[in-house]
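Let's take a walk through this structure together. Have a look at the picture, and then we'll go piece by piece.

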Amino acid sequence: MLTKPRQLSRRAAALALASLGLLASASTQAAEDVIEGSEGIVKPLRFSGFATLGLAHNNNATAGAITSFSQLKPVQQGWSANMDTVLGLQLEWQPLSGTTFQVQGVARAGENMQPRLRIAALRQQLGQGLNLNLGRMRSPLFFDSSIAEIGYANLTVRPAPTIYAAVNSVASLDGADLQWRLNLGDASLLAQVFGGRYDYTHRFNNFSPAMSADASLNGLRGFSLSANLQHLTVRVSRTEVDRYALRSEQVSQINSGLNQLSGALRQMALNPLLPPTMLTGLQAKAQGLEALRNPFDNRPVYTSVGLDGNWQQWRLLAELTSMDPHNDLVGRGTGYSLTLARSFGDFTPYLSLAQLKRSSAKLNTSALAPTGLDAQLDGALNQLLQGFDRAQQFANISSRSVSVGLRWDWRENMAIKTQLDLVRTPNTNTPGPLAVPVLPFDNKLRLFSVTLDMVF
């Protein structure tokens with residue numbers, strides 16, 4: 001029964017994700033409960049789903065609110081359903097005991113309700129606590145990544161975009177994961193290793209009009225360890241990506257411009273009358289320009305340590321995160337989120353804090369300095385330099401947020417939530433996780449949300 005607010009996060013997720021086993025022992029037990037009928041007979045075909053009907057009001061005329069960098073339509077000033085409204089449908093088929101096929105599709109208002117495939121996986125029980133998943137699975141990157149879209153499974157309206165906007169874009173994983181569970185009385189341990197890839201459309205909402213890029217994460221691999229006690233869940237995870245590539249018409253134009261300027265410098269270096277020092281300098285400058293191609297490509301490492309604890313009517317959720325892209329344009333980000341809640345019957349007020357800090361980007365743009373040899377060439381170099389400086393500004397997703405909200409579990413498997421978010425970036429030239437087409441801007445945003453969440 002989904003009646004106690006302190007049990008909502010893990011057990012409601014199990015209703016939507018059934019037997020994928022991503023949420024430790026409580027999820028597995030709930031999955032077994034819904035797969036087996038009252039007489040213990042396995043039901044080979046099962047339909048389930050989740051939905052959120054949400055409205056959000058943004059008071060900022062210069063910045064839009066988003067939950068991920070794949071969101072097509074930000075919440076601009078005024079009321080909008082684009083932030084949280086979502087419908088997810090799942091079909092589960094169990095042809096044999098221990099073998100399950102799952103397909104899950106999701107449509108979001110922020111993406112024009114276009115269906116997206118989140119899960120298409122085979123789950124095979126191997127015995128001795130081992131389970132193998134093959135195909136498309138929910139993202140395992142952070143503590144709540146696998147349930148980020150399932151509003152009812154989250155205590156709050158949504159995981160804080162301050163730290164989740166980047167990983168919410170990586171909604172799934174195409175590959176495999178192997179899980180091993182060890183039950184120890186009322187407690188359990190879950191070890192998970194996974195690997196694969198994922199492709200999605202990345203939105204650059206910091207342009208007017210907004211631009212899209214094809215994003216590919218190749219060589220994604222990682223692990224997680226979870227401990228599930230009676231009143232506490234702790235999870236540690238680390239994910240590495242060999243190559244995170246962004247390709248778009250704009251990136252192609254940047255590469256073309258760098259190639260042309262590099263070619264011009266190498267052509268100038270062919271002049272036999274040039275002094276050796278100038279010849280060496282032009283060649284080094286050409287190499288520096290070539291190194292700036294595909295400036296958004298990176299090799300990110302995601303790290304998360306999270307917990308979900310209960311004590312009587314109190315509940316505490318906390319998470320520490322790190323995202324190191326190994327890219328001097330993007331810069332490393334470290335963050336945290338903290339939520340404290342207390343239940344009064346069916347009502348649960350809560351307070352949440354979240355912050356993400358990015359280390360200063362240190363992209364070496366010395367190759368774009370003027371040569372002093374050709375005015376037209378130097379003008380083109382300066383234009384590219386300004387473009388890279390602007391890109392470094394927009395790549396800064398640092399921000400902090402304070403959220404207060406109230407959850408009302410008014411029906412079984414249904415909840416109404418209200419939430420006020422106060423979001424602020426470090427300064428008027430730092431967009432953070434907001435859709436900001438022009439700098440500077442008003443870097444304080446107030447977002448008020450009302451949602452109806454359900455699972456069925």
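**A helix on the inside**

Start with helix α3, where P161, T162, I163, Y164, A165, A166, V167 and N168 are buried (buried means under 20% relative accessible area with a 1.4 Å probe, protein chains only; helices are DSSP runs of H or I with at least four residues, strands runs of E with at least two, numbered from the N terminus). Because 8 of the 8 residues of α3 are buried, the helix is largely enclosed by the rest of the structure. Its cover includes the strands β12 (301-311), β13 (314-324), β14 (333-342), β15 (347-358) and β16 (399-411).

A quick word on the source: this is a predicted model, where local features need pLDDT of at least 70, side-chain atom pairs count only at pLDDT 80 or more, and totals for chains, interfaces and linings use all residues. Residues are numbered from 1 along each chain as its sequence is written, and side-chain values use heavy atoms, with hydrogens and water left out.

Now for the largest nonpolar core, which has 53 residues (a core is a set of buried Ala, Val, Leu, Ile, Met, Phe, Trp, Tyr and Cys residues joined through side-chain atoms within 4.5 Å). L217, L289 and Y302 have the most contacts inside this core. Elements that each supply at least two of its residues include α3, α4, α5 (276-290) and α6. A second, separate core of 11 residues includes A63, A65, V75 and M83.

Leaving out residues up to four places away in sequence, L289 touches L258, L261, S262, L265, A367, L368 and L381 (contact means heavy atoms within 4.5 Å).

Key:
Buried < 20%, exposed > 50% of the residue type's maximum accessible area, 1.4 Å probe, protein only.
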